[in-house]
Amino acid sequence: MKLTLRVWRQKNAGAEGTMSTYEVDGISPDMSFLEMLDVLNEQLILSGEDPVAFDHDCREGICGACSLVINGDAHGPERTTTCQLHMRSFKDGDTIDVEPWRAAAFPVVKDLVVDRSAFDRIIQAGGYITAPTGSAPEAHATPVPKPDADFAFEHAECIGCGACVAACPNGAAMLFTSAKVNHLNVLPQGAPERETRVLDMVAQMDEEGFGGCTLTGECATACPKGIPLVSITSMNKEWLRATRRAAKR
Amino acid sequence: MTSYADYTTGEPVADTKAPAGPINERWDKRRFEAKLVNPANRRKQTVIVVGTGLAGGSAGATLAEQGYRVVQFCYQDSPRRAHSIAAQGGINAAKNYRNDGDSVHRLFYDTVKGGDFRSRESNVHRLAQISVEIIDQCVAQGVPFAREYGGLLDTRSFGGVQVSRTFYARGQTGQQLLLGAYQALSRQIAAGNVEMHPRTEMLDLIVVDGRARGIVARDLITGKIDTYFADAVVLASGGYGNVFYLSTNAMNSNATAVWRAHRRGAYFANPCFTQIHPTCIPRTGDHQSKLTLMSESLRNDGRIWVPKAKGDTRPPNQIPEDERDYYLERIYPSFGNLVPRDIASRAAKNVCDEGRGVGPGGQGVYLDFADAIKRMGRGKVEERYGNLFDMYERITAENPYEVPMRIYPAVHYTMGGLWVDYDLQTTIPGLFAVGEANFSDHGANRLGASALMQGLADGYFVLPATINDYLARHPHKDEVGADHPVVQEVLAETEDRLNLLLAVDGDRTPDSFHRELGELLWEFCGMARTDSGLRKALERIPQIREEFWRRIKVPGTGEEFNQSLEKANRIVDYLELAELMCLDALHRSESCGGHFREESQTPDGEAARKDDEFGYAAAWEFTGTGEAPTLHKEDLVFEYVHPTQRSYA
């Protein structure tokens, strides 16, 4: 296949960015999208140009590093991560736009690479259970009903890629934050910190400059791991409960 | 000039830290004998941890909980992305929840035997003991393991063992365990006990007066190279499988931290012990950048075959039953498709070498579920393997319910690594190695679901206990300053290396060299190795190295985000490590575990160990680039599990 790529180029965080046009040829439908970019980069290096910087690591859809907006969609046309998107989803002669995540809380580092450390700080604010090493009781001391364990797992699947933020017209991080709140709050082990967790994580989320949620649902549509939109509703419920209890004290 | 292959044999190396006495009392005894650091003094001591996978994440969090000041590094943009996250299958623990006869001793026994008698008994026994605490710890952190309807933890059997001791979280066990460790680490970062440096890559080790005192690291965003100082350094930087270019490792996983430590004096043990996993999705062409593993549980119900005739290009559905060769069932009638990883991998290579491989380039064999679907119905197959079938279809665009899957072996894990004693300390005092970065627990072959167990055992429980002893004996007295002559020298060497890479301005990309080296290693130091092949590789590697420094092209500068420079610098180390792997494979003229020497096989074509000659771990000492290294042998003594030859026929 022969393709035309229009790629966002930006030298560094402070520089102005622009879309640059490149041609690539000999692309096989079996290549992943990132392997297609590898081909472009090999060309660029040999012609003495700066290759396109992009984040990627495991290339099997689990580390959450890859993060491209392709033709306007976070992770492109299929419901998967960019690394698991294959060129068979495109046609010979196509023109493809490739941009970084666009969100106020994710500043561009270079080209297609953005800074997602805001996510780490949301987790640091309360996305954990306090259980110092060595303090754990026997694992079977507290049975967890299977539906609760399954609910926790479904939310724990979040890979922290940030597609939800990139897809959201408001640049909100509600789906990411709710996934962690729901994972931990439903478990008996997470109960002692249930209220502080949701209050602190939501407060940190606001502080990082993520937008507000208007329930447009773009986040859940873009999520490669299928975290459901109702996750946000569950977190809102947790937050209201925690706020009410705090007011009573 | 002597050739690289003319290595010399130096003094034996011995583990002096494991106490004598009954094996089940050794860990308790060591913990009691180890000196402790007063809680008030811990604040004054700094520990550097490189890597944030299962071993590094859990070690950083635990050391910080104990009160040490931790300075931690990862090359990823977040500690949550370390490649432990990609482990699928599960984690072993001798809980015996199934009441099926499991015990600490049985897990110990299985691991020593599975490692083909090339691991250290004391270490493996401790691993089995600690396995039960890991599950408790992870559950307390909120790791959502699979559960039964009664609310208790579910387990499954894995990798051919006869007990059900593998705990799992669907096909994402590594992800869930890693997020548990990451969250514990995040709590310590928020508390100010861990100073976290993401997107910062270790480029060298600082050794002052014979002790590890810090590292040189590069900020990958600004390109700034800086020095960091500590009272001890812990490497949790993972394995070196990416030396093969194509592997199931993450793209940026690399060997620089361990190799630089090796160059500074840490012995490197058993580098030729690499694990090749039989069930990966085959490559589709030269553009292939990495390989994806599929859980080997598929072999429980799938049947592996190739056409009987060479060069048969008919679609699989048109090849009649009597023209198919179910070669594993034919050669190993009693174990069939369930033979261990190394045997299944080698058999696939053999049939492909005969010209009977399928798919692009003939590098694949069929894994067929037609019989399973007939026997159990499609619904049941979907229930068991649905997510794997989906993954396969996403990558290959073929529907495995209708067309047999194609699989081929791929490099997956490295059992070799930095030599460590029972305290996980390398031969450089103050330098520790945990997880896949060390060599200690898996011998010549790792069992399924044991990597996660070892990473977390090292990080949560072993290192935090043993490092106390070292830190107590070396209380914090002096700061090594950036102006120390040794520090200046290491820093200058690093800067020179990067500047040289940028200055060559040749006509070949970093990837082109990496691919060339990888193909060479795969051919001669892959699934089957020979004396002549390894000698060929040893002749070729210095030539590639020479060409690399003449023709490498790295665009841009060092003072910016430069992924080509990162890559090229890692290849510099691969080009040396590859040579040591080939030499180690050449010198070990026996077959054991993942290391198969064609010259050493039984009459029926199985691996033949030579315990009298090679019952040791080979710890190599660096003497200079391209210079013949020195071999130090650690004799392995088996008091509890007596070596036997494996048989699966």
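Guide: Start with contact: two residues are in contact if their C-beta atoms, placed from the backbone, lie within 7 Å. The contact between the chains takes 60 residues from chain B and 64 residues from chain A. The model is predicted: local features need pLDDT of at least 70, side-chain atom pairs count only at pLDDT 80 or more, and totals for chains, interfaces and linings use all residues. Residues are numbered from 1 along each chain as its sequence is written, while chains are lettered from A and ligands numbered from 1 in the order in which they are written.

Visitor: Which elements give two or more residues to the side of chain B that touches chain A?

Guide: They are α3 (54-66), α5 (121-141), α6 (173-190), α12 (451-473) and α16 (563-587) of chain B. Helices here are DSSP runs (H or I, at least four residues), strands likewise (E, at least two), numbered from the N terminus. α6(B) gives the most, with nine residues.

Visitor: How do the residues of that side of chain B divide?

Guide: Into 22 nonpolar, 24 polar and 14 charged. Ala, Val, Leu, Ile, Met, Phe, Trp, Tyr, Cys and Pro count as nonpolar, Asp, Glu, Lys and Arg as charged, and the others, Gly among them, as polar.

Visitor: Why are α6(A) and α8(A) called roughly perpendicular?

Guide: Helix α6 (residues 194-207) and helix α8 (residues 230-248) of chain A pack at about 110 degrees, with axes 9 Å apart. Angles of 65 to 115 degrees count as roughly perpendicular. The two helices are therefore roughly perpendicular to each other.

Visitor: What meets α8(A) from α6(A)?

Guide: Glu195(A), Val198(A), Leu199(A) and Val202(A) in α6(A) do; their partners in α8(A) include Met235(A) and Trp239(A).

Visitor: Into which domains is chain B divided?

Guide: Domain 1 (1-273 + 415-638) and domain 2 (277-411), with bounds from an automatic or database domain assignment. Their centres, taken over C-alpha atoms, are 31 Å apart. The contact between them takes 17 residues from domain 1 of chain B and 22 residues from domain 2 of chain B.

Terms used:
Axes are lines fitted to C-alpha atoms, for helices over the stretch in contact, and angles run from 0 to 180 degrees between N-to-C directions. Angles under 35 degrees count as roughly parallel, over 145 as roughly antiparallel, 65 to 115 as roughly perpendicular and the rest as oblique.
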